[in-house]
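Please look over the chain shown here before reading on.

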Amino acid sequence: MRRMAVMLVCLVALLLVVACGGGGGAGEATPAPAAMATPVNGVVQLTINDGEIQPKKVAIKAGEAVIFQVTSVDIYHTLSIDELDINLRVGRGKTGEVQVKVDTPGTYTFYCRVTGHRGSGLAGSRFGEEGTLIVE
Ligand SMILES: [Cu+2]
């Protein structure tokens with residue numbers, strides 16, 4: 001019985017460690033749907049593949065210069081942010097970079113400009129290459 005209690009304490013301790021672990025990491029361990037990506041050493045990594053941009057939510061600080069590193073996996077894609085005049089084209093299998101610096105806090109949309117990739121809105125479309133950039 002005492003052994004059982006010790007095991008229980010260990011289990012609770014383990015759960016606490018796991019629960020507190022997902023802090024400012026790169027977010028590889030916990031695939032939480034609403035996970036917000038933030039720059040790591042000034043760099044945000046994005047991957048565009050098969051109709052999707054990952055991650056879909058990125059948060060940066062106003063006035064902070066951040067490098068967006070964009071990898072296109074299957075075919076060529078773009079990372080476009082209309083309000084910021086950003087339009088980076090990245091070839092298939094390549095990684096491109098663009099500096100993003102936004103002085104005005106707000107919500108911006110990044111997407112792929114290739115025809116049809118952003119999403120047609122049709123039911124069943126697998127394309128939805130867009131995401132949200134939050135500047136705070
Ligand atoms: Cu695309």
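## Elements and model

Helices and strands are taken here as DSSP runs, at least four residues long for a helix and at least two for a strand, and they are numbered from the N terminus. The place of Asp50, for instance, is in the loop between β1 and β2. On this basis the chain has one helix and nine strands, and from the N terminus on the elements run α-β-β-β-β-β-β-β-β-β.

This is a predicted model, with a mean pLDDT of 83 over the chain and 71% of the residues at 70 or more. Over residues 8–27 the pLDDT is below 50, and this stretch has five contacts in the model beyond near neighbours in sequence. Of the 136 residues of the chain, 18% count as buried. Among contacts between residues at least 6 apart in sequence, 54% join residues at least 24 apart.

## The four-stranded sheet

An open sheet of four strands, with mixed pairing, has the order β2-β1-β4-β7. Because β2 (52–54) and β7 stand at the edges, each with a single partner strand, one side of each is left without a neighbour in the sheet. The twist from one strand to the next averages 25°.

Within this sheet, β1 and β4 pair in the parallel sense over six bridges, and Val43 stands opposite Ile67 in β4. β4 also pairs with β7 (residues 95–100), in the antiparallel sense and over six bridges. In β7, Thr95 is the bridge partner of Thr71, while Gly96 is the bridge partner of Val70.

In soluble globular proteins, nonpolar side chains tend to be buried together. In this model the largest nonpolar core has 17 residues, and those with the most contacts inside it are Leu46, Ile48, Ile60, Phe68, Val70, Leu79 and Val100. The elements that give two or more residues to this core are β1 (43–49), β3 (57–60), β4 (66–72), β8 (106–111) and β9 (130–135). The strand that gives the most is β4, with three residues.

## The β5–β6 hairpin

β5 and β6 pair in the antiparallel sense over five bridges, and they form a hairpin with four residues between them, where Asp85 in the turn has a positive phi of about 60°. Glu83 has its place in the loop between β5 (77–81) and β6 (86–90). Is Glu83 buried or exposed? Glu83 counts as exposed because there are 12 C-beta neighbours inside 10 Å, and a residue with 12 or fewer falls in that class. The C-alpha atoms of Glu83 and Tyr108, which are 25 residues apart along the chain, are separated by 7.4 Å.

With 18 C-beta neighbours inside 10 Å, Pro39 counts as partly exposed, whereas Asn41, with 5 other C-beta atoms within 10 Å, is exposed. Pro39 touches Val44, Ile60 and Val66, not counting residues up to four places away in sequence. The C-alpha atoms of Pro39 and Ala59, 20 residues apart along the chain, are separated by 7.8 Å.

Asn41, a residue other than glycine, has a positive phi near 55°, and Asp50, although not a glycine, has a positive phi of about 50°. Asp50 is exposed, with 11 other C-beta atoms within 10 Å. A cis peptide bond joins Gln54 and Pro55, with omega about -10°, and Pro55 is found in the loop between β2 and β3.

Notes: Residues are numbered from 1 along each chain as its sequence is written. This is a predicted model: local features need pLDDT of at least 70, side-chain atom pairs count only at pLDDT 80 or more; totals for chains, interfaces and linings use all residues. A nonpolar core is a set of buried Ala, Val, Leu, Ile, Met, Phe, Trp, Tyr and Cys residues joined through C-beta atoms within 7 Å. A residue is buried if 20 or more other C-beta atoms lie within 10 Å of its own, exposed if 12 or fewer, and partly exposed in between; C-beta atoms are placed from the backbone. pLDDT is the predictor's confidence in each residue, from 0 to 100. Two residues are in contact if their C-beta atoms, placed from the backbone, lie within 7 Å. Two strands pair if DSSP finds at least two bridges between them. Axes are lines fitted to C-alpha atoms, for helices over the stretch in contact, and angles run from 0 to 180 degrees between N-to-C directions.
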